Amino acid sequence: MEWDWWTVEFGDAHAGAVGVLVGGDEPGPAYFDVGSGSDVPSTTHWSAYDGQVGRPRAEVLRAVCACGWRGAGEYPLDWATVGDRPLYEAGVDMAGPLADWNAHLSLVRDKAVPLPEPLAALLVDITEQLTSTTADAPLAALRAVGMLERIAARVGREAAGALAEDGLSAEAVATGLGTTRSKALVLLLTAQDR
């Protein structure tokens with residue numbers, strides 16, 4: 001899937017996109033015939049499902065998420081309005097799918113463990129400081145980012161180790177972090193190397 005939406009908070013674990021339905025099902029990738037050769041480009045981007053050159057024609061749009069969630073809202077495409085224009089030029093309204101994905105993120109956020117207020121404020125301050133330093137002294141900002149990455153890696157291993165020692169399941173860690181089970185499992189397994 002090619003993702004249209006992404007947040008810093010959840011990264012690629014909850015990247016979102018507009019999905020399509022054809023005949024009530026999600027179609028496979030749309031292929032592009034570029035002539036002879038063994039490489040046949042394909043995509044799952046919603047705009048490729050235009051019915052041209054044997055590709056499926058999208059009937060309905062809906063929100064999808066990298067975590068596997070699929071939005072319940074379905075937004076029919078009005079092909080009479082779209083006409084012969086490519087979908088990416090047709091001004092298709094994405095407000096419905098985007099709102100559904102944002103509602104999904106709200107639920108994920110509600111289930112995630114809240115950050116203590118002083119820590120949340122400190123993270124905002126660090127972000128602002130790094131942003132302003134990047135404008136004035138990009139090399140210094142890059143050095144600070146490297147330091148933060150090393151601190152985060154060390155503290156992350158310690159925190160994941162404590163969770164593993166407490167016997168917290170990968171599912172519980174995933175919910176608490178707002179990530180996928182597989183990413184949570186990697187965090188817990190990485191902690192064993194500390």
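Helix packing, burial and ring contacts in a predicted model

User: What makes helix H3 and helix H4 a crossing pair, and at what angle do they cross?

Analyst: The axes of helix H3 (residues 117–136) and helix H4 (residues 138–165) come within 6 Å and cross at roughly 145°. Axes here are lines fitted to C-alpha atoms, for helices over the stretch in contact, with angles from 0 to 180 degrees between N-to-C directions. Helices (H or I, at least four residues) and strands (E, at least two) are DSSP runs, numbered from the N terminus. On the H3 side the contact (heavy atoms within 4.5 Å) is made by Ile126, Leu130, Thr133, Thr134 and Asp136, and on the H4 side by Pro138, Ala140, Ala141, Ala144, Val145 and Leu148.

This is a predicted model, in which local features need pLDDT of at least 70 and side-chain atom pairs count only at pLDDT 80 or more, while totals for chains, interfaces and linings use all residues. Residues are numbered from 1 along each chain as its sequence is written, and side-chain values use heavy atoms, leaving out hydrogens and water.

User: Why is Thr7 called buried?

Analyst: Buried means under 20% relative accessible area, exposed over 50%, and partly exposed in between (1.4 Å probe, protein chains only). Thr7 has a relative accessible area of 17%, so Thr7 is buried. Thr7 belongs to strand E1 and touches Trp101 and Leu105, not counting residues up to four places away in sequence.

User: Why is Trp3 called partly exposed?

Analyst: The relative accessible area of Trp3 is 37%, so Trp3 counts as partly exposed. Trp3 is in the segment before strand E1 (5–7). Leaving aside neighbours within four places in sequence, its contacts include Ala15, Val64 and Ala66.

User: What makes Arg57 count as lying over the face of Trp79?

Analyst: A charge sits over a ring if NZ of Lys or CZ of Arg is within 6 Å of the ring centre and within 35 degrees of the ring normal. Arg57 lies over the face of Trp79, at 4.0 Å from the ring centre.
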